[in-house]
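Colleague: I would like to go through this model feature by feature. Please give the general idea where there is one, and then the case at hand.

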Amino acid sequence: MKQRLPLSFFQKLHDKSPAFAQKLSLTTCTSTIALNSMVIGLPLFGAGFGKIFAKSKRADKAVIDIAHHWIKVNNLLIDKVLPHKDWRISLPDDLNPNGNYLLICNHQSWVDTSIIQYVSADRLPLTRFFAKHELLYIPVVGQAFYLLDFPMMKRHSKEQIANNPALANRDLDEAKRACQLLLDKPFVLLNYLEGTRFSQDKHKKQQSPYRHLLKPKAGGFALALSSLGSKIDGILDMTVVYPDGVPEYTDLWQGKITRLGVDIRHLTMNDELLNALKDGKYDQDECVKNALFTWLDTVWQAKDERIDEMMATFK
């Protein structure tokens, strides 16, 4: 007979007084995260100074180690403070924390990224994603993204590009340069192919052919393959479901997300298409572009069905 573990203080409190427990969980988690961020701030910027100005590999590693510490504290809060979690997580057995991966995922909530950090711990390298250049001006967070080599991009509007067509190539060159900063270290580069968080209004507006997903966008994915293709060990597909409805970010730290499904699996692509994308032919060859959209459609149809299957297990 499986021995039942004793309930933690927070689990007992959530059973006895849910409303008060949620407030206490939120206060405990946010204050701990804030304090941890302040504590690591000085060593982070110190290591960052060594990385940028001394070009120190040791300092670069220290920056990454500090980020892992920050995530580890967050994950510890999830394990110790959040109660009664029925989180069903399926991962391949052969993931390598020192590998190089592209990761695609459906996108519903700001919670998604915290969940990716949680399930990746000790299984995958640090996850980066394309971030807006404007984030640099957010104290601590923006600078941390920069020091951790998140690809940060200046995106110009269609009107700006129409007035100055050279900006289109400048955006592309900057994105490639940003990706190439990852070439000397293990990485997971996350791409939310839908380009935005899912909502029923967006789904209806774009007349998406998928039940649970918006149409995938291929440009960023193709860019990552052309910039990093020679170093990529694999493409991963992550599917996240929230059986009780899409949560707000504060719902996570209040302990309201009691049910969650995560599935990560490897994706394969035929060698001809993969090599063409690595060679940067997405923008040069319509056949390559059409082949990628066909491949993404197949992946998205399978993901749509997987979401139904995952949701059904909770019923």
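Modeller: Start at a helix end. Ser-56 caps the N-terminal end of H3, with a side-chain oxygen 3.3 Å from the backbone nitrogen of Arg-58. Keep in mind that this is a predicted model.

Colleague: Which residues of H3 are buried?

Modeller: The general idea comes first. An α-helix has 3.6 residues a turn, so residues three or four places apart point the same way. In H3 the buried residues include Ala-59, Asp-60, Val-63, Ile-64, Ala-67, Ile-71, Asn-74, Asn-75 and Ile-78.

Colleague: What covers the buried residues of H3?

Modeller: Helices and strands both contribute. Among the covering elements are helices H2 (18-53), H4 (111-120), H5 (141-147) and H10, together with strands E1 (86-90) and E3 (127-129).

Colleague: On to the rings. How many aromatic pairs are there?

Modeller: The count is eight aromatic pairs, taking ring centres within 6.5 Å. A pair of aromatic rings is described by the distance of the centres and the angle of the planes. Phe-221 and Trp-295 show how this works: their centres are 5.9 Å apart and their planes 10° apart, and the pair is stacked. Planes under 30 degrees apart count as stacked, which is why this label applies.

Colleague: Where in the chain do Phe-221 and Trp-295 lie?

Modeller: Phe-221 is in helix H9 (residues 219-228) and Trp-295 in helix H12 (residues 286-313), so the pair, 74 residues apart, links distant parts of the chain. Phe-221 is buried, at 2% relative accessibility, and Trp-295 is buried as well, at 12%.

Colleague: Is the pair of Tyr-249 and Trp-253 stacked or edge-to-face?

Modeller: Tyr-249 and Trp-253 are edge-to-face, with 6.4 Å between centres and 75° between planes. Both belong to helix H10 (residues 249-254), and because they are four residues apart, about one helical turn separates them. Tyr-249 is partly exposed, at 36% relative accessibility, whereas Trp-253 is buried, at 3%. Elsewhere, Phe-129, Phe-145 and Phe-150 form one aromatic cluster.

Colleague: How do the strands around E8 pair?

Modeller: Strand E8 (residues 259-267) pairs with E1 in the parallel sense over five bridges. Strand E7 (residues 234-241) runs antiparallel to E8, and seven bridges join them. For reading side chains, the general idea is that in a regular strand they alternate between the two faces of the sheet.

Colleague: What does Met-310 touch?

Modeller: Leaving out residues up to four places away in sequence, Met-310 touches Thr-239, Val-241, Gly-261, Val-262 and Asp-263. Met-310 is found in helix H12 and is buried, at 12% relative accessibility. Its C-alpha atom is 9.6 Å from that of Tyr-242, a residue 68 places away along the chain.

Notes: Residues are numbered from 1 along each chain as its sequence is written. This is a predicted model: local features need pLDDT of at least 70, side-chain atom pairs count only at pLDDT 80 or more; totals for chains, interfaces and linings use all residues. Side-chain values use heavy atoms; hydrogens and water are left out. Rings of Phe, Tyr and Trp (its six-membered ring) pair if their centres lie within 6.5 Å; planes under 30 degrees apart count as stacked, over 60 as edge-to-face and the rest as tilted. Helices (H or I, at least four residues) and strands (E, at least two) are DSSP runs, numbered from the N terminus. Buried means under 20% relative accessible area, exposed over 50%, partly exposed in between (1.4 Å probe, protein chains only). Contact means heavy atoms within 4.5 Å. A polar contact is a pair of N or O atoms within 3.5 Å; within protein, one must be able to donate a hydrogen and the other to accept it, and residues adjacent in sequence count only if both atoms are side-chain atoms. Two strands pair if DSSP finds at least two bridges between them.
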